[in-house]
Amino acid sequence: MTIQPIRLFGDPVLRTRADEVVEFDKELRTLVQDLWDTMESQGGAGLAAPQLGVGLRVFTYHCDGFAGHMVNPTWNAIDDECQDGDEGCLSIPGFTWETRRMRNIVATGWNMYGEPIEIEGTDLLARCIQHETDHLDGVLFLDRLDQETRKQAMREIRQASWFTGAMPAIKQDPHALFGGF
């Protein structure tokens with residue numbers, strides 16, 4: 001069991017798009033195990049490789065009775081139904097804010113052995129897969145908040161005992177400028 005330190009908000013690795021995995025080898029299996037051990041030790045629903053400082057498209061998840069990992073994941077909404085709900089992040093500890101996500105998705109990718117996998121997710125599992133895939137694209141759930149909530153979130157984060165003062169730019173969703181998702 002290898003528990004790794006989790007990178008916190010302000011670390012540039014959290015804002016960098018992760019690279020595709022091209023080698024399904026022992027190092028990848030070790031990374032998946034480190035992600036799993038670290039996620040479980042923190043009681044998280046998911047953890048992406050960039051949160052451990054590794055710029056690869058890999059994440060683990062354990063929520064709503066489902067557990068596993070995905071390599072090079074992509075997802076698509078099954079329908080137009082959205083869900084609003086509290087969302088948090090191990091890289092922004094101690095905070096949750098209501099975040100809009102798609103309610104029903106299907107995700108495809110590979111397991112650590114290079115075998116194709118598909119996961120259909122609803123509610124919390126769908127939220128987790130979208131959240132972790134965002135991490136692989138350098139997107140934080142803060143980027144999905146409406147402008148007023150995002151400003152309040154940033155004020156609260158700046159007051160957090162763990163915050164170091166590094167203030168990366170929040171990526172703006174161009175649709176949020178017009179009040180929609």
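**Terms and their grounds**

Author: Let us begin with Q4, which, apart from neighbours within four places in sequence, is in contact with D34, T38 and L52. Please keep in mind that this is a predicted model.

Reader: Where is Q4 found, and why does Q4 count as partly exposed?

Author: Q4 is found in the segment before α1. Its relative accessibility is 29%; buried means under 20% and exposed means over 50%, so Q4 at 29% counts as partly exposed.

Reader: What makes T38 buried?

Author: T38 lies in helix α1, residues 26-42. Its relative accessibility is 0%, and the cut-off for buried is under 20%; therefore T38 counts as buried. Residues up to four places away in sequence not being counted, T38 touches T2, I3, Q4, I6, L47 and L52.

Reader: How do you know that the backbone nitrogen of Q4 and a polar atom of the side chain of T38 form a polar contact?

Author: The two atoms lie 2.9 Å apart. A polar contact requires a pair of N or O atoms within 3.5 Å, one able to donate a hydrogen and the other to accept it. The distance of 2.9 Å meets that cut-off.

Reader: Which residue carries the feature "active site", and why is that residue called buried?

Author: UniProt places this feature, in an unreviewed entry, at E132. Such an annotation may be inferred rather than shown by experiment. E132 lies in helix α2, residues 123-136. At 3% relative accessibility, against a cut-off of under 20%, E132 counts as buried.

Reader: What is E132 in contact with, leaving aside its neighbours within four places in sequence?

Author: E132 is in contact with G46, L47, A48, Q51, F59 and T60. Of these, L47 stands opposite T60 in β2.

Reader: What makes β1 and β2 a pair of strands?

Author: Two strands pair if at least two bridges are found between them. Three bridges join β1 (residues 46-48) to β2, and the strands run antiparallel; therefore they meet the definition of a pair.

Reader: Why is β2 described as largely enclosed by the rest of the structure?

Author: Strand β2 covers residues 58-63, and five of its six residues are buried, so it is largely enclosed by the rest of the structure. β2 also pairs with β3 (residues 66-77) in the antiparallel sense, over six bridges. Y61 stands opposite G68 in β3. In the hairpin of these two strands, which has two residues between them, D64 takes a positive phi near 55 degrees.

Reader: How do you know that β4 and β5 pair?

Author: Eight bridges join β4 (residues 82-89) to β5 (residues 92-102), and at least two are needed; they therefore count as paired. The two strands run antiparallel, and a hairpin joins them through two residues. E87 stands opposite W97 in β5, while the bridge partner of G88 in β5 is T96.

Reader: What is the volume of the largest pocket, and which residues are closest to its centre?

Author: The volume is about 250 Å³. Of the 15 residues that line this pocket, A45, E87, G88, C89 and H131 are the closest to its centre. The elements that give two or more residues to the lining are β4 and α2, and α2 gives the most, with five residues.

Reader: Which residues does the annotation "binding site" cover, and what makes them a cluster in space?

Author: In the unreviewed UniProt entry, the annotation covers C89, H131 and H135. They are spread over 47 residues of sequence, yet the largest C-alpha distance is 10.1 Å. From this set, C89 and H131 belong to the lining of the largest pocket.

Reader: Why are H131 and H135 called buried?

Author: The relative accessibility is 6% for H131 and 1% for H135; the cut-off is under 20%, so both count as buried. Neighbours within four places in sequence aside, H131 is in contact with E87, G88, C89, R101 and F141. On the same terms, H135 touches L14, T16, A48, P50, Q51, C89 and L140.

Note on methods
Residues are numbered from 1 along each chain as its sequence is written. This is a predicted model: local features need pLDDT of at least 70, side-chain atom pairs count only at pLDDT 80 or more; totals for chains, interfaces and linings use all residues. Side-chain values use heavy atoms; hydrogens and water are left out. Helices (H or I, at least four residues) and strands (E, at least two) are DSSP runs, numbered from the N terminus. Buried means under 20% relative accessible area, exposed over 50%, partly exposed in between (1.4 Å probe, protein chains only). Contact means heavy atoms within 4.5 Å. On a 1 Å grid over the protein atoms alone, a cavity is a set of points where a 1.4 Å probe fits but cannot get out, and a pocket is an open set with protein on both sides within 12 Å along at least five of seven lines; lining residues have an atom within 4 Å of a point. Grid points are joined across faces, edges and corners, and a volume is the space filled by probe spheres set on the points.
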